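The following paragraphs lead the reader through the structure shown here. They take up the packing of helices and then a pocket.

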Amino acid sequence: MTKGNGHPIVIERARPLAVHQAKEIQPYGTVARLPIALDAAVCAASIDNLNQLLADTMTVRDLYKKHHWQVGGPTFYQLHLLFDKHFNEQSELVDSIAERIQSLGGVSLAMSHDVAETTLIPRPPRGREEVPVQLSRLLHAHEIILKEARTMARQAAEAGDDGTNDLLVSDVIRTNEMQVWFVGEHVVSTPVLGHE
Ligand SMILES: [Fe+2]
């Protein structure tokens, strides 16, 4: 594989392209028009809302995985399983929201750095927390998402963006409400005996 003079024979044509510095094809915050019969202004408003919701959904998704790993105590196993189930359901929502943003002609947030800068959900500590603290942290996160998702759903309906409205109502709101029920029932104080 040398020319005889000790130098290697290098074939440039077969070298893989490794371009990291190329210009973006679409900057964040812009709208690429698609033939979906929606005004650019309507698309832009939905994209903005959905990116906020995406950051918050990615955060609650990761909060579930954190708690799945770090949970302790007598209810360890059931919560370990429940937290992972909710993590998976939130992961599906993340994909649906991000792809809705792209299908409106927007650019979805993707990386954790950007998510951390955008989310409205308070940052938890790195360390392990007690179960009641984990649960109330999750309930608070769900409430932030539900509040914004309902407002966004109304805005989308009024603007005629029925697809976004449907995603928000049928998937995001219903899934979060269901998860609040399952998490919330763990912190209802039920007496061990049914006496007054
Ligand atoms: Fe696991």
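Helices α1 and α4 (residues 131–159) pack at an angle of about 165°, and their axes are 10 Å apart. That angle makes α1 roughly antiparallel to α4. The crossing of the two is left-handed. The model is a predicted one, in which local features need pLDDT of at least 70 and side-chain atom pairs count only at pLDDT 80 or more, while totals for chains, interfaces and linings use all residues. Residues are numbered from 1 along each chain as its sequence is written, and side-chain values use heavy atoms, with hydrogens and water left out.

Some terms need their limits. Helices are DSSP runs (H or I, at least four residues) numbered from the N terminus. Axes are lines fitted to C-alpha atoms, for helices over the stretch in contact, and angles run from 0 to 180 degrees between N-to-C directions. Angles under 35 degrees count as roughly parallel and those over 145 as roughly antiparallel. A crossing is left-handed if the near helix is turned anticlockwise from the far one by less than a right angle.

Helix α5 (residues 162–184) also meets α1: their axes come within 13 Å and cross at roughly 25°. The helices α1 and α5 are therefore roughly parallel to each other, and their crossing is left-handed. With α2, the axis of α5 comes within 11 Å and crosses at roughly 165°, so α2 and α5 are roughly antiparallel to each other. This crossing, too, is left-handed.

Helix α2 covers residues 76–103; at 1.5 Å a residue its 28 residues should span 40 Å, which agrees with the 40 Å between its end C-alpha atoms. The expected span is 1.5 Å times one less than the number of residues. After α2 comes G105, whose phi is positive, near 95°.

The largest pocket has a volume of about 460 Å³. A pocket is an open set of points on a 1 Å grid over the protein atoms alone, where a 1.4 Å probe fits, with protein on both sides within 12 Å along at least five of seven lines; lining residues have an atom within 4 Å of a point. Of the 16 lining residues, T59, D62, A116, R123 and P124 lie nearest the centre of the pocket. Helix α1 (40–70) gives the most to this lining, with six residues.

Key: Grid points are joined across faces, edges and corners, and a volume is the space filled by probe spheres set on the points. Angles under 35 degrees count as roughly parallel, over 145 as roughly antiparallel, 65 to 115 as roughly perpendicular and the rest as oblique.
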